[in-house]
Amino acid sequence: MVDTAVFLVAGAICLVGALGVILARNPVHSALMLVMTLFGIAVLFVALEAHFLAAVQVIVYAGAIVVLFWFVVMLLGVDKATDLEVGALKPQKWGALAFILGGVGVAVVLIAVLANPTTGARGVSGALDGTSNVRLLARSLFSDYVYAFELTSLLLVIAVIGAVVLARKPKVEELEQ
Amino acid sequence: MTVSTSWYLVLGALLFIIGGVGLLIRRNPLVMLMCVELMLNGVNLTFVAFSRELGDIGGQTVVFFVLVVAAAEVVVGLGLVVAVLRRSPGTTADDLSVLKG
């Protein structure tokens, strides 16, 4: 009973936030709606007993990524951001095509999910046997997926260098060339 | 009435589709990046739901990697957006079609 209520409330928050992201005219409002969706998903992660991911969701997404979006809006200037307000495509046929694609996607997913979602085969890599979620995740991350984990650190270094290079103001002599 | 895995799958699919439609109908590059985040979150929800359904921690590990890649993607994507918009304010995704290699 309680988990049904939690799912319905958090799911409604997620969907309202998601619709707000794509319908809000101002990018700042879109980012606020994105925060709402992300918090709803964090609640659902808790309901699914993925406690570590719920915490990371709030810290990384709401704490870092959305703040980054706001930084960019403020960096470009709020007056310039209002230039960007109008968002929807002008040619109506493309918008209509997008909605038709979305409707077909919903139909396909409903058919697939309501038919038979899983084979029912149990996982073999670290069963969820009631021990701490963080411990299980760490064991999986640092044993089976350790090479992927090291590669993500490389990816983050590359992203930092790329951001610095992109954000650097070009020098005057470089512009004159 | 208990919450089955299918409910989470439907919600994740709806989030993915809303993000995809937003990516198609919006022209502001910032909002398009936010729509990509929505799609990633829909997929994350599906992964975690299957992780509990099948009793396998692997799904949650994949979600961890998706979070890292999403952070890197946003950093580089926003860097590109700032670089383009600083040069010509008010640029939309359509105007970027003039970029040729």
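Modeller: Helices (H or I, at least four residues) and strands (E, at least two) are taken here as DSSP runs, numbered from the N terminus. This is a predicted model, in which local features need pLDDT of at least 70 and side-chain atom pairs count only at pLDDT 80 or more, while totals for chains, interfaces and linings use all residues. Residues are numbered from 1 along each chain as its sequence is written, chains are lettered from A and ligands numbered from 1 in the order in which they are written, and side-chain values use heavy atoms, with hydrogens and water left out.

The part I would look at is the interface of chain B and chain A, where contact (heavy atoms within 4.5 Å) takes in 69 residues from chain B and 87 residues from chain A. The buried area, meaning the accessible area (1.4 Å probe) that two parts lose on being put together, summed over both, is about 7000 Å², and carbon and sulfur atoms give 78% of it. Of the area that chain B buries against chain A, 9% comes from I25(B), M34(B) and I57(B), which is more than any other three residues supply.

Between the two chains there are zero salt bridges, a salt bridge being a side-chain nitrogen of Lys or Arg within 4 Å of a carboxyl oxygen of Asp or Glu. Six residue pairs, both residues at pLDDT 80 or more, are in polar contact across the interface; that term stands for a pair of N or O atoms within 3.5 Å, where within protein one must be able to donate a hydrogen and the other to accept it, and residues adjacent in sequence count only if both atoms are side-chain atoms.

On chain B, the side that touches chain A draws at least two residues from each of α1 (5-25), α2 (29-54) and α3 (58-87), and α3(B) gives the most, with 23 residues. By class, this side of chain B has 46 nonpolar, 14 polar and nine charged residues, where Ala, Val, Leu, Ile, Met, Phe, Trp, Tyr, Cys and Pro count as nonpolar, Asp, Glu, Lys and Arg as charged, and the others, Gly among them, as polar.
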